[in-house]
Amino acid sequence: MKCYLEFLSVIMIGCCFMASCAGKASNSEQPVADAPENYRCFPCGLACDTILHPGPGTCNHCQMELVPASTIIHTDILPADMCSLDEERTLFLDVRTAAEFNGTAPDKFGAIRNAVNIPVQELESRIKELEKFREKDIVVYCSHSHRSPRASYMLTRHGFKKVTNMSGGMSTWKETVTDTGCNHKLYRAQ
Ligand SMILES: [Zn+2]
Ligand SMILES: [Zn+2]
């Protein structure tokens with residue numbers, strides 16, 4: 001038995017040695033098999049967004065269709081970091097309903113000054129309205145960051161390159177943005 005194992009390990013070492021020699025001799029890039037693509041749910045803003053699935057299908061938690069993880073390219077920003085953005089170069093996109101945006105809905109979380117409002121349900125059909133902002137950085141927000149990740153994903157799929165989702169939404173703004181100057185600059189109370 002011991003002999004057999006030693007024999008095996010000699011063969012294995014031999015194989016490894018030959019493989020590495022072959023690699024060097026050819027001096028060409030070894031075609032490395034692509035790692036299998038992971039899938040995530042079409043971003044819904046829930047905890048399930050971070051789960052990686054080995055293949056396509058549907059998310060058990062939010063029922064969203066899974067998409068290749070590499071296609072989710074928008075970034076995130078915390079409300080407290082919003083004031084470091086260059087306002088001139090940034091479009092703030094509020095994807096809540098018109099009532100939530102203008103403060104007539106029961107929940108009043110406030111809004112970002114000078115934001116453009118396109119409800120997430122209408123974004124696909126109204127995407128042309130954003131054409132003139134294509135060169136800008138777009139920061140997408142809602143109330144709890146459950147709708148804005150989906151909208152962010154949609155924008156990147158339509159070729160918008162600099163898309164950022166505001167984590168937590170306006171409901172977390174009040175708790176986390178304490179800088180008076182920042183509030184004065186960007187926050188519109190309702
Ligand atoms: Zn999700
Ligand atoms: Zn999900």
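Reader: In strand 8, which residue is the bridge partner of isoleucine 138?
Author: In this predicted model, the bridge partner is valine 163. Helices (H or I, at least four residues) and strands (E, at least two) are DSSP runs, numbered from the N terminus. From strand 7, the chain passes through helix 4 to strand 8, in a β-α-β crossover that is right-handed. Right-handed here means that, with the strands pointing away from the viewer, the path from the first strand over the helix to the second runs clockwise.

Reader: What numbering and confidence limits apply?
Author: Residues are numbered from 1 along each chain as its sequence is written, while chains are lettered from A and ligands numbered from 1 in the order in which they are written. As the model is predicted, local features need pLDDT of at least 70 and side-chain atom pairs count only at pLDDT 80 or more, whereas totals for chains, interfaces and linings use all residues.

Reader: Back to strand 8: how many bridges does it form with strand 7?
Author: Three bridges pair strand 7 with strand 8, in the parallel sense; two strands are said to pair if DSSP finds at least two bridges between them. Within this pairing, valine 140 faces asparagine 165 of strand 8.

Reader: And how many bridges join strand 3 to strand 8?
Author: Strand 3, residues 75–77, is joined to strand 8 by three bridges, and the two run parallel. Threonine 75 is opposite threonine 164, and isoleucine 77 has methionine 166 as its bridge partner.

Reader: What is the strand order of the whole sheet, then?
Author: The order is 3-8-7-4-6, in an open sheet of five strands with parallel pairing. Strand 3 and strand 6 (116–117) are the edge strands, each pairing on one side only. Strand 4 is joined to strand 7 by five bridges, and one of the residue pairs places aspartate 94 with tyrosine 141 of strand 7.

Reader: Why call strand 7 largely enclosed?
Author: Strand 7 is largely enclosed by the rest of the structure because four of its five residues are buried. A residue counts as buried if 20 or more other C-beta atoms lie within 10 Å of its own, exposed if 12 or fewer, and partly exposed in between, with C-beta atoms placed from the backbone.

Reader: Where does helix 4 lie, and how is it oriented?
Author: Helix 4 lies across strand 7 and strand 8, and runs at about 180° to strand 8. Axes are lines fitted to C-alpha atoms, for helices over the stretch in contact, and angles run from 0 to 180 degrees between N-to-C directions. Eight of the 10 residues of helix 4 are buried, including Arg150, Ala151 and Tyr153. Its buried residues pack against helix 3, strand 7 and strand 8. Glycine 159 follows the helix, with a positive phi near 90°.

Reader: Which residues have the most contacts inside the largest nonpolar core?
Author: They are Leu93, Val95, Ile138, Val139, Val140, Tyr141 and Ala151, in a core of 30 residues. Such a core is a set of buried Ala, Val, Leu, Ile, Met, Phe, Trp, Tyr and Cys residues joined through C-beta atoms within 7 Å.

Reader: What does tyrosine 141 touch?
Author: Leaving aside residues up to four places away in sequence, tyrosine 141 touches Phe92, Asp94, Ile112, Ser148, Met166, Gly169 and Met170. Contact requires C-beta atoms, placed from the backbone, within 7 Å.

Reader: New topic: why does serine 70 count as exposed?
Author: Serine 70 is exposed because it has 10 other C-beta atoms within 10 Å. This residue sits in the loop between strand 2 (66–68) and strand 3.

Reader: Finally, what average pLDDT does the chain have?
Author: The average is 87, and 82% of the residues score at least 70; pLDDT is the predictor's confidence in each residue, from 0 to 100. Where pLDDT is low, the predicted coordinates should not be read in detail.

Conventions: Contact = placed C-beta atoms within 7 Å.
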